[in-house]
Amino acid sequence: MKFEVKNELIAPAINILQKIKLKGLKSIHRSRLKDLLMTHLDRVGKEEKELKEQYAKKDENGEPILNETEDGQKFYDIENREDLGKALDEFFNEKVVIDGGDSQVFLKSVKASLETSDVEWSGQESDYFVQVYDGFIEDKNENESDDV
């Protein structure tokens, strides 16, 4: 089994996992997946910043120019917003894949926990739940070995 999720859905996936009430080993398995996703989310944040810096206008020292809104939020002065938009779309649609090694046990456990969850999802959360659940993909070899 493996778990796939688009970069843009890592944070919602973490939120979905955190809302499920679990205890014991099932909670530990969920934490393992959540911790891996948190690591990927951190990487995605850094890489998004790198992309924005690459498309930002540069000052005389070659550093990206940062502007600030009235409320103190900083943002890059982007040279070509259309090109950045295309790059970010492609980047956020890339998938993180978790598989192999000891992940098989906790992935199966988390999928089973999602199947038996009593949480009532609504609105956008229900869409995220479906996308997270659909991210659990059984390997073809697994099904064949189960039939033996």
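I count a contact when heavy atoms lie within 4.5 Å. Helices (H or I, at least four residues) and strands (E, at least two) are DSSP runs, numbered from the N terminus. The model is predicted: local features need pLDDT of at least 70, side-chain atom pairs count only at pLDDT 80 or more, and totals for chains, interfaces and linings use all residues. Residues are numbered from 1 along each chain as its sequence is written, and side-chain values use heavy atoms, without hydrogens and water.

**Entry: α2 and α4**

I looked up which residues meet here. From α2 come Lys26, His29, Arg30, Arg32, Leu33 and Leu36; from α4 come Val105, Phe106, Leu107, Ser109, Val110 and Ser113. I sorted them by class (Ala, Val, Leu, Ile, Met, Phe, Trp, Tyr, Cys and Pro nonpolar; Asp, Glu, Lys and Arg charged; the others, Gly among them, polar). The contact has six nonpolar, three polar and three charged residues. Helix α2 spans residues 25–55 and α4 residues 103–115; their axes are 9 Å apart at an angle of about 110°. Axes are lines fitted to C-alpha atoms, for helices over the stretch in contact, with angles from 0 to 180 degrees between N-to-C directions. The two helices are therefore roughly perpendicular (65 to 115 degrees; under 35 is roughly parallel, over 145 roughly antiparallel, the rest oblique).

**Entry: α1 and α5**

Next I took α1 (residues 10–19) and α5 (residues 123–134), which pack at about 95° with axes 9 Å apart. Pro12, Ala13, Ile16 and Lys19 of α1 make the contact with Glu125, Tyr128, Phe129 and Val132 of α5. I find six nonpolar, no polar and two charged residues there.

**Entry: aromatic rings**

How many aromatic pairs does the structure hold? I find four. Rings of Phe, Tyr and Trp (its six-membered ring) pair if their centres lie within 6.5 Å; planes under 30 degrees apart are stacked, over 60 edge-to-face, the rest tilted. Phe3 and Phe136 are a tilted pair, 4.6 Å centre to centre with 45° between the planes. Phe3 sits in β1 (residues 2–6) and Phe136 in β5 (residues 136–137), 133 residues apart. Both Phe3 and Phe136 are buried (under 20% relative accessible area; exposed is over 50%, partly exposed in between; 1.4 Å probe, protein chains only). Trp121 and Phe129 have ring centres 5.3 Å apart and planes at 25°, so this pair is stacked. Trp121 and Phe129 are buried too. With Tyr133, they form one aromatic cluster.

**Entry: strand β4**

In β4 (residues 95–99), Val96 and Ile98 point to one face and are buried. Strands β1 and β4 run antiparallel, joined by five bridges (strands pair if DSSP finds at least two). Lys6 stands opposite Lys95.
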